[in-house]
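Here is a short note on the model, for comparison with your own reading.

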Amino acid sequence: MYEFQLTSRINNTIQDICWRFSFRKVNRVLIKAGAMRKINPELMTFIFASLSRGTPAEGASFSVMFIPATFRCHDCGRTWTTDDSEFLCIHCGSRDVDLLTGLEFAIDFLEVES
Ligand SMILES: [Zn+2]
């Protein structure tokens with residue numbers, strides 16, 4: 001399961017950070033995710049609550065901030081932002097486009113107690 005792998009990575013990273021910096025408790029976790037990743041935030045919240053049980057992050061609030069996909073067209077030179085994942089220029093119909101943003105996946109913010 002895609003969400004399980006990503007959430008498991010986040011959980012492991014948070015455990016590492018807590019161990020390294022002796023953080024006692026994590027109150028809040030904010031994840032930044034590109035729209036192209038098509039993740040289900042409710043499912044990730046559920047998985048995180050389960051994986052973090054018995055760790056400093058147990059009971060932490062978990063939320064996901066979405067970054068829209070931004071494309072640039074090589075033919076007409078325009079850029080646009082969309083929730084659509086199609087590699088197709090909305091201005092000229094060209095398929096010669098680059099994805100500039102939308103694949104991000106990272107911990108954006110952690111609120112902790114030491
Ligand atoms: Zn174009």
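The points below concern a metal site and a helix pair.

1. This is a predicted model, in which local features need pLDDT of at least 70, side-chain atom pairs count only at pLDDT 80 or more, and totals for chains, interfaces and linings use all residues. Residues are numbered from 1 along each chain as its sequence is written, and side-chain values use heavy atoms, with hydrogens and water left out.

2. The zinc ion has as its protein donors Cys73 (SG), Cys76 (SG), Cys89 (SG) and Cys92 (SG), which lie 2.3 Å from it. Donors are N, O and S atoms within 2.8 Å of the metal (3.2 Å for Na, K and Ca); water is not among the atoms, so sites may look incomplete. Along the chain the donor spacing is C-x2-C-x12-C-x2-C.

3. The arrangement is tetrahedral because the four donor atoms subtend angles of 107 to 117° around the zinc ion; four donors count as tetrahedral if all angles lie between 85 and 135 degrees.

4. Cys76 is partly exposed at 31% relative accessibility, whereas Cys89 is buried with a relative accessible area of 3%. Buried means under 20% relative accessible area, exposed over 50%, and partly exposed in between (1.4 Å probe, protein chains only).

5. The axes of helix α1 (residues 2-21) and helix α2 (residues 41-51) come within 9 Å and cross at roughly 45°. That makes α1 oblique to α2. Angles under 35 degrees count as roughly parallel, over 145 as roughly antiparallel, 65 to 115 as roughly perpendicular and the rest as oblique. Axes are lines fitted to C-alpha atoms, for helices over the stretch in contact, with angles running from 0 to 180 degrees between N-to-C directions. Helices (H or I, at least four residues) are DSSP runs, numbered from the N terminus.

Key:
Tetrahedral: all angles 85-135°; square planar, octahedral: opposite > 155°, others 65-115°. Helix = DSSP H or I, 4+ residues; strand = E, 2+ residues; numbered from the N terminus.
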